[in-house]
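This report describes a single protein chain through its surface, its strands, its disulfide and a few selected residues. The sequence and structure are shown first.

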Amino acid sequence: WSDVSVSLFSFGPLNCGISVLINSTALVCSIAPGVGKGQVYVTVSGLGCSATGVSFEYDAPVVTSIAPLLGPRGGGTVLTFTGSNFGYQDHLVSVSSIGPQCVSVRITVPHSQMECTTTPAAGGSLLVMTVSVAGQTAAVQEPFRFTPSCP
């Protein structure tokens with residue numbers, strides 16, 4: 001196996017790290033963290049093989065917690081999401097909800113932490129969110145709650 005290398009071409013060339021031959025039709029390799037899914041072109045150097053139209057996708061994002069869980073109805077609360085598979089590019093990440101929004105989404109720790117800022121809540125008291133990263137989504141299990149306004 002010392003003369004065999006594997007390359008994947010999709011969003012850009014991804015060179016595999018350790019390659020393991022499972023059998024004559026299966027090969028496992030390790031690549032750098034990333035986001036997304038799609039078709040890739042696989043080249044196996046040293047064996048003279050290639051394949052097109054191979055499906056590949058990174059694991060979908062996972063949100064394990066958000067903080068804080070409470071904030072004012074006027075908005076402006078910065079929410080911190082902790083989890084995995086968020087990527088490292090702000091433009092590939094979004095947070096969606098019905099009603100109030102969480103805007104200005106930014107990655108603060110690549111692949112594991114991101115932030116957004118709440119907008120004012122005109123109606124409901126809950127912000128139920130979904131995180132999307134490069135076309136893959138994850139529901140946020142615990143909603144953010146807006147605190148009641150003082151009279």
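To how many Å² does the accessible surface of the protein chain come, and what percentage of it belongs to carbon and sulfur atoms? The accessible surface comes to about 8400 Å², and 58% of that area belongs to carbon and sulfur atoms. Accessible areas come from the Shrake-Rupley method with a 1.4 Å probe, and for residues only the protein chains shown count as cover.

The model is predicted: local features need pLDDT of at least 70, side-chain atom pairs count only at pLDDT 80 or more, and totals for chains, interfaces and linings use all residues. Residues are numbered from 1 along each chain as its sequence is written, and side-chain values use heavy atoms, with hydrogens and water left out.

**Overall composition**

The protein chain has 0 helices and 16 strands; helices (H or I, at least four residues) and strands (E, at least two) are DSSP runs, numbered from the N terminus. Of the 151 residues in the protein chain, 34% are buried, where buried means under 20% relative accessible area, exposed over 50%, and partly exposed in between (1.4 Å probe, protein chains only). Among contacts (heavy atoms within 4.5 Å) between residues at least 6 apart in sequence, 52% join residues at least 24 apart.

**An open sheet**

Three strands form an open sheet in the order E8-E16-E13, with mixed pairing; two strands pair if DSSP finds at least two bridges between them. Strand E8 (70-72) and strand E13 (126-127) stand at the edges with a single partner strand each, so one side of each has no neighbour in the sheet. E8 runs parallel to strand E16 (residues 144-147), to which 3 bridges join it. Within E16, Phe 146 is the residue that stands opposite Gly 71.

**The disulfide**

A disulfide is a covalent bond between the sulfur atoms of two cysteines; here the term is applied to a pair of cysteine sulfur atoms within 2.5 Å. The structure holds 1 disulfide. Cys 102 and Cys 116 form this link, with their sulfur atoms 1.9 Å apart. The pair links distant parts of the chain, 14 residues apart: Cys 102 belongs to strand E11 (residues 102-109) and Cys 116 to strand E12. The link is right-handed, with 90° about the S-S bond.

**Selected residues**

| Residue | State | Relative accessible area |
|---|---|---|
| Cys 102 | buried | 4% |
| Cys 116 | buried | 0% |
| Thr 118 | buried | 4% |
| Val 109 | partly exposed | 36% |
| Ala 60 | partly exposed | 33% |

Thr 118 is found in strand E12 (residues 113-118). Leaving aside neighbours within four places in sequence, the residues in contact with Thr 118 include Cys 102 and Phe 146. Cys 102 is one of the two disulfide partners, and Phe 146 is the residue opposite Gly 71. Gly 75, Gly 76, Thr 77 and Leu 127 are also among the contacts of Thr 118.

Val 109 is found in strand E11.

Ala 60 lies in the loop between strand E6 (49-57) and strand E7 (62-67). With neighbours within four places in sequence left aside, Ala 60 is in contact with Asn 85, Gln 136 and Thr 137. Ala 60 and Ala 134 are 74 residues apart in sequence, and their C-alpha atoms are 9.1 Å apart in space.
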